[in-house]
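Try each task by yourself, then read the solution under it.

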Amino acid sequence: MPPRKQPAQKPAAEPPATAPSAASNPAAPAPAPREPAAVRRPTAEAAAPAGGERAPDRRTLIADTAIGLVASGGLRGLTHRAVDGAAGLPAGSTSYYFRTRTALIGACCWRLAELDVADGPFDLPADRDAAARAFGALLYHWLTAGRQRQLARFELSLEAARNPELEPDLREAGLAVRARGAAVLAALGARAPQESAELLAAWADGLLYDRLAGALAHSRPAPDPAELTATARRMIDAVLETTV
């Protein structure tokens with residue numbers, strides 16, 4: 001009986017150092033011990049356990065904090081201990097939910113995609129002017145309030161290109177965003193909405209990179225909403241003319 005003293009706690013696979021945070025999150029036992037589940041769709045999976053909202057809140061906090069650390073200091077500064085400190089969590093909390101650094105970076109990829117989808121104009125009428133205004137506003141947001149998040153995404157993309165373990169998470173997260181965009185483009189009349197979404201995403205990424213980290217990062221004036229709306233309309237027209 002002594003070995004079964006804590007069967008209601010986290011499985012034996014969990015590191016002893018993480019036990020304190022386990023006690024405060026009784027709803028998490030099922031997903032936490034399985035690392036693949038922690039890597040893939042961490043915020044969505046966290047909502048599934050029965051028992052309340054503590055687990056999803058904690059996972060989301062960890063992912064958001066990790067993204068902020070990547071944006072401000074690059075991947076060198078991303079450690080489990082650094083996330084615990086920046087998030088104000090007990091030591092061992094981050095390693096409890098995402099036991100490896102790869103799992104933690106995967107959580108960042110999915111959280112970035114989740115936030116990008118939440119930002120996006122994915123419920124638009126079939127009208128190019130309205131689409132251009134919404135897409136221009138989205139680009140403006142990503143160049144201003146969402147700037148740090150986009151910088152983190154570029155940083156994580158480079159890391160995924162070098163680390164095969166991360167590539168599936170980044171790819172699937174990116175495909176999730178493009179799938180939502182394809183639905184909007186289909187409403188605008190695209191006969192090949194998926195291809196249209198891929199082109200539009202590539203052009204948007206190029207614009208964001210050039211303004212945030214590329215040649216124009218320090219010489220370009222502050223983003224102008226009207227200019228970005230006009231640019232968005234040109235991009236939408238071009239992608240639809242190419243694939244309609």
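Before we start, one term: a helix here is a DSSP run of H or I with at least four residues, and helices are numbered from the N terminus. Keep in mind that this is a predicted model.

**Exercise 1. Get an overview of the chain**

Task: Work out how many helices and strands the protein chain has, and what share of its residues is buried.

Solution: 
- Start with the secondary structure: there are 12 helices and zero strands.
- Reading from the N terminus, you get α-α-α-α-α-α-α-α-α-α-α-α.
- Next comes burial, where the cut-off is under 20% relative accessible area. Of the 244 residues in the protein chain, 46% are buried.
- Finally, take the contacts between residues at least 6 apart in sequence: 68% of them join residues at least 24 apart.

**Exercise 2. Describe how α7 and α10 pack**

Task: Give the angle and the axis distance for helices α7 and α10, and say how the two helices are oriented.

Solution: 
- First, know what to look for: two packed helices are described by the angle between their axes and the distance between the axes.
- Helix α7 covers residues 101–119 and helix α10 covers residues 167–187; their axes are 8 Å apart, at an angle of about 10 degrees.
- Angles under 35 degrees count as roughly parallel, so α7 is roughly parallel to α10.
- On the α7 side, the contact is made by Gly106, Cys109, Trp110, Ala113, Asp116 and Val117. On the α10 side, the residues are Asp169, Leu170, Glu172, Ala173, Val177 and Arg180.
- Sorted by class, that contact has seven nonpolar, one polar and four charged residues.

Now zoom in on one residue of this contact.

Helix α7 has another residue to check.
- Arg111 sits in helix α7, and a relative accessible area of 12% makes Arg111 buried.
- From C-alpha to C-alpha, Arg111 and Asp64 are 7.4 Å apart in space, while in sequence they are 47 residues apart.

**Exercise 3. Compare with α8 and α9**

Solution: 
- Helix α8 spans residues 128–143, and the axes of α8 and α9 come within 6 Å and cross at roughly 80 degrees.
- The range for roughly perpendicular is 65 to 115 degrees, and α8 and α9 are therefore roughly perpendicular to each other.
- The contact is made by His141, Trp142 and Leu143 of α8 together with Arg147, Arg149 and Gln150 of α9.
- By class, you get two nonpolar, two polar and two charged residues.

Stay with α9 for a moment.
- Glu159 is found in helix α9 and is buried, at a relative accessible area of 16%.
- Not counting residues up to four places away in sequence, Glu159 touches Leu75, Ile105 and Leu166.
- Glu159 and Leu75 are 84 residues apart in sequence, and their C-alpha atoms are 8.3 Å apart in space.

**Exercise 4. Track down the aromatic pairs**

Task: Find how many aromatic pairs there are, and describe each one.

Solution: 
- The count is two aromatic pairs.
- One is Tyr96 with Tyr97, an edge-to-face pair at 4.8 Å centre to centre, with 80 degrees between the planes. Both Tyr96 and Tyr97 are buried.
- Phe154 and Tyr209 also form an edge-to-face pair, at 5.2 Å centre to centre and with 85 degrees between the planes.
- Phe154 is in helix α9 (residues 147–162) and Tyr209 is in helix α11 (residues 193–212), so this pair ties together parts that are 55 residues apart in sequence.
- Check the burial: Phe154 is buried at a relative accessible area of 14%, whereas Tyr209 is partly exposed at 42%.

Terms used
Residues numbered from 1 in each chain as written. Predicted model: local features only at pLDDT ≥ 70, side-chain atom pairs only at ≥ 80, totals over all residues. Heavy atoms only, no water. Axes fitted to C-alpha atoms, helices over the stretch in contact; angles between N-to-C directions. Parallel < 35°, antiparallel > 145°, perpendicular 65-115°, else oblique. Contact = heavy atoms within 4.5 Å. Nonpolar A, V, L, I, M, F, W, Y, C, P; charged D, E, K, R; others polar. Phe/Tyr/Trp six-rings, centres within 6.5 Å; stacked < 30°, edge-to-face > 60°. Buried < 20%, exposed > 50% of the residue type's maximum accessible area, 1.4 Å probe, protein only.
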